[in-house]
Amino acid sequence: MNGRAETASGQAASKKWNQVAGAWLGVGTAPGALLLGAGLAQRHGGQAPLLTILLSLAGMFTLLWFQGSLGLRSPLGDGQSFTHLMPLYFGAGMQRILGGLIAIGMIGWFGFNVGLGGAAFSALLKLPAAVGPLLLGLPILALSVSGMRSWNLLAAVTTIAVMILVLLITTRLPAPLSPVMLSTGDPAHLVTDVAAFIGYISVFSVRAPDFSAGLATRRDLLISVLLLCLPVMVIVVAGVHLQMGTGSTDLVGILAGSGSLALANLLLTLAVIAPTFTTLYSGAPALKAAVGIPETPGMILISAIGLVLAVARFDLWLLAWLRLLAAVLPPLIVPLAVESHRRRQGHPRRLIPVWVWMPGSMLSLGLMLVDHPLAPLSGLLLAGLGVLLWYQRLGRLQGNYET
């Protein structure tokens, strides 16, 4: 997979879904979804509501679909990666802000993936805690710097590892009840639950054009999005089973202390490799857009900071991290989706100003810090209002000009 290959027209070379499947499947089968499910079960005191799972699936699909559509070849989209799209939709200042936010997000996900996989590797081989993340993260950095871009085979291996891990969890850790219940559960948790899922894919969703650039049809995008969303839901349900069967969300500790399940830590180590590659693939261009660092030094910087987080077991802070991501990034997708749609309809191109989406992100972040359950929804609604005011203002200016 080479998302940066472009034709003379400036668009990425035409691709089919199977050429980009590795990136989407790699994120979709990331074992972090096990912890997402375990946290969901812990919030509800056991089973996860089916309604929560369905609404979360719909929310994830919507964000990934609209943002991924930007990468489709013309006339369906702009046919470029997000790095090349940013100057088409944002001014220079906005590009730096957005690049910085995405780079921070990718550093956090590098720290999460390598922290989880490295802890599992250390537990498997009885190594000091700091050694596992280094043994895992440094080779990934070396391969990324050397130019590795084709992950389909790697994603297939990690997918198999995750599926075996899910099978072990559901068969060796019996839960007293089905992990999914038909009742709605506590309504107060519903928005919080959906926000956690949105946060889980928020960074990837913003950078989705990196992994959809050049796709020829909406069918290709549909398959790609489903390759991410459906495995996430399967693994989340296994995470609910994990928490119900053990009463714990410490995945590495459970596997290390479960006798015949100890080897599952090897599967967990393998499972984080593909999603870790995506953090460097997307994080380095974002860092370059933010502060001008070339991509290779950017990969090294992301890995260095991420390894510090990994050694500190950043993976144990997953739910707090997801809430932060769900607050800050999704409001940006609202004006992007609307402006892209208008361009497809033949309207003039407009650069999205910072005031259209930033207030929504700040409101959502502020409400999140005081633990308000409607924080993510409030941010999205305010971003929608900002888009409405922006286009009304543009309409008035155009009317005055024509008069």
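**Close-up views of a predicted model**

View 1. W109 and F112 are about one helical turn apart, because three residues separate their positions in helix α5 (residues 92-125). The model shown here and in the other views is predicted. Both W109 and F112 are buried. The structure holds eight aromatic pairs. In the pair of W109 and F112, the ring centres are 5.2 Å apart and the planes stand at 85°, so the pair is edge-to-face.

View 2. The rings of F204 and F211 form a stacked aromatic pair, with 4.9 Å from centre to centre and 15° between the planes. F204 has 7% relative accessibility and therefore counts as buried. F211, at 1% relative accessibility, counts as buried too. Ring pairs join F204 and F211 with W24 and Y281 in a cluster.

**View 3. An arginine over a tyrosine ring.** R343 lies over the face of Y89. The distance from R343 to the ring centre of Y89 is 3.9 Å.

**View 4. The crossing of helices α2 and α15.** Helix α2 (residues 32-44) and helix α15 (residues 318-328) have axes that come within 10 Å and cross at roughly 95°. Because angles of 65 to 115 degrees count as roughly perpendicular, α2 is roughly perpendicular to α15. On the α2 side, the contact is made by G32, L35, L36, G39 and R43. On the α15 side, L318, L319 and L322 take part. Sorted by class, the contact of α2 with α15 has five nonpolar residues, two polar and one charged.

Note on methods. Residues numbered from 1 in each chain as written. Predicted model: local features only at pLDDT ≥ 70, side-chain atom pairs only at ≥ 80, totals over all residues. Heavy atoms only, no water. Phe/Tyr/Trp six-rings, centres within 6.5 Å; stacked < 30°, edge-to-face > 60°. Helix = DSSP H or I, 4+ residues; strand = E, 2+ residues; numbered from the N terminus. Buried < 20%, exposed > 50% of the residue type's maximum accessible area, 1.4 Å probe, protein only. Lys NZ or Arg CZ within 6 Å of the ring centre and 35° of its normal. Axes fitted to C-alpha atoms, helices over the stretch in contact; angles between N-to-C directions. Parallel < 35°, antiparallel > 145°, perpendicular 65-115°, else oblique. Contact = heavy atoms within 4.5 Å. Nonpolar A, V, L, I, M, F, W, Y, C, P; charged D, E, K, R; others polar.
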